[in-house]
Amino acid sequence: MKVLLCSFLFLFVIVSKGQTIEEPPVSNLPSSLTGLSITGHAYPVSAIGDVHKSFMVQYGFSKSLQLELQGFYDTYILSERFRSSVLAKVYLNERLYLLGGIEAEIATENAGVGQTPYRIGFVTGLGYDFDPNLMIELQANIQMNNPSMGAFGEKHVVMPAALILGSKWKF
């Protein structure tokens with residue numbers, strides 16, 4: 001009987017002390033980022049040799065202000081490009097944000113042979129986070145220099161500005 005009573009008391013203490021009050025779930029949306037976050041992604045090399053890689057370094061100063069460094073490396077049949085941007089994001093609410101910054105793109109296939117073409121542009125836009133894995137952005141990229149290439153490495157159609165609708169789906 002003594003063993004049964006001690007076992008019951010032991011289980012009672014464990015069960016009563018082991019229960020905790022459940023906290024409300026913490027949002028995983030990008031607007032809740034404070035501190036440093038580093039992500040990257042690379043696709044397998046395609047059948048024709050195309051390579052696509054990207055990275056993103058984010059720093060959340062507060063719930064409504066983030067700084068973002070992005071980099072994209074792409075190779076195609078006739079061109080090779082590296083594009084990087086520094087953006088500030090200001091969240092208007094938990095999902096909707098404004099963004100602005102500067103973007104540079106350089107043609108790396110001609111590095112060391114003559115002058116390497118590059119493009120520098122001012123980026124401004126608006127974005128919406130549907131959930132932690134899906135976002136959509138509308139950006140305007142206004143070219144600040146006069147290079148011999150257009151947006152996204154286009155050689156034949158030089159454009160002074162580009163309107164970009166983009167999204168990212170993580171799975």
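Visitor: Does Phe61 count as buried or exposed?

Guide: Start with the scale. Buried means under 20% relative accessible area, exposed means over 50%, and partly exposed lies in between, with a 1.4 Å probe and protein chains only. Phe61 has 52% relative accessibility, so this residue counts as exposed. Tyr59 has a relative accessible area of 36%, which means partly exposed.

Visitor: What kind of model is this?

Guide: It is a predicted model: local features need pLDDT of at least 70, side-chain atom pairs count only at pLDDT 80 or more, and totals for chains, interfaces and linings use all residues. Residues are numbered from 1 along each chain as its sequence is written, and side-chain values use heavy atoms, with hydrogens and water left out.

Visitor: How many aromatic pairs does the structure hold?

Guide: There are three aromatic pairs. One of them joins Tyr59 and Phe61: the ring centres are 4.9 Å apart and the planes meet at 75°, so this pair is edge-to-face. The rule covers rings of Phe, Tyr and Trp (its six-membered ring) with centres within 6.5 Å; planes under 30 degrees apart are stacked, over 60 edge-to-face, and the rest tilted.

Visitor: Which term describes the pair of Tyr91 and Tyr97?

Guide: Tilted. The centres of Tyr91 and Tyr97 are 5.0 Å apart, with 50° between the planes. Now check the burial. Tyr91 has a relative accessible area of 6%, so Tyr91 is buried. Tyr97 stands at 0%, so Tyr97 is buried too.

Visitor: Which residue lies over the face of Phe72?

Guide: Arg83 does, at 4.4 Å from the ring centre. A charge sits over a ring if NZ of Lys or CZ of Arg is within 6 Å of the ring centre and within 35 degrees of the ring normal. Phe72 belongs to strand E3, residues 65–75. Strands (E, at least two residues) and helices (H or I, at least four) are DSSP runs, numbered from the N terminus.

Visitor: Which residues does Phe72 touch?

Guide: Setting aside residues up to four places away in sequence, Phe72 touches Lys53, Ser54, Arg81, Phe82 and Arg83. Contact means heavy atoms within 4.5 Å.

Visitor: What is the order of the strands in the sheet?

Guide: The eight strands run E1-E2-E3-E4-E5-E6-E7-E8 in an open sheet, with antiparallel pairing. Strand E1 (35–42) and strand E8 (161–169) are the edges, and each pairs on one side only. On average, neighbouring strands are turned by 20° against each other, direction ignored. Two strands pair if DSSP finds at least two bridges between them.

Visitor: How many bridges join E2 to E3?

Guide: 10 bridges, and the two strands run antiparallel. Take Gln58, in strand E2. Its bridge partner in E3 is Glu68. The side chains of Gln58 and Glu68 are also joined by a polar contact of 2.9 Å. That term means a pair of N or O atoms within 3.5 Å; within protein, one must be able to donate a hydrogen and the other to accept it, and residues adjacent in sequence count only if both atoms are side-chain atoms. At 12% relative accessibility, Gln58 is buried.

Visitor: Which side chains make a polar contact with the side chain of Asn141?

Guide: Glu103 at 2.6 Å and Arg119 at 3.5 Å. Asn141 lies in strand E7, residues 134–143. Its relative accessibility is 3%, so Asn141 is buried.

Terms used
Axes are lines fitted to C-alpha atoms, for helices over the stretch in contact, and angles run from 0 to 180 degrees between N-to-C directions.
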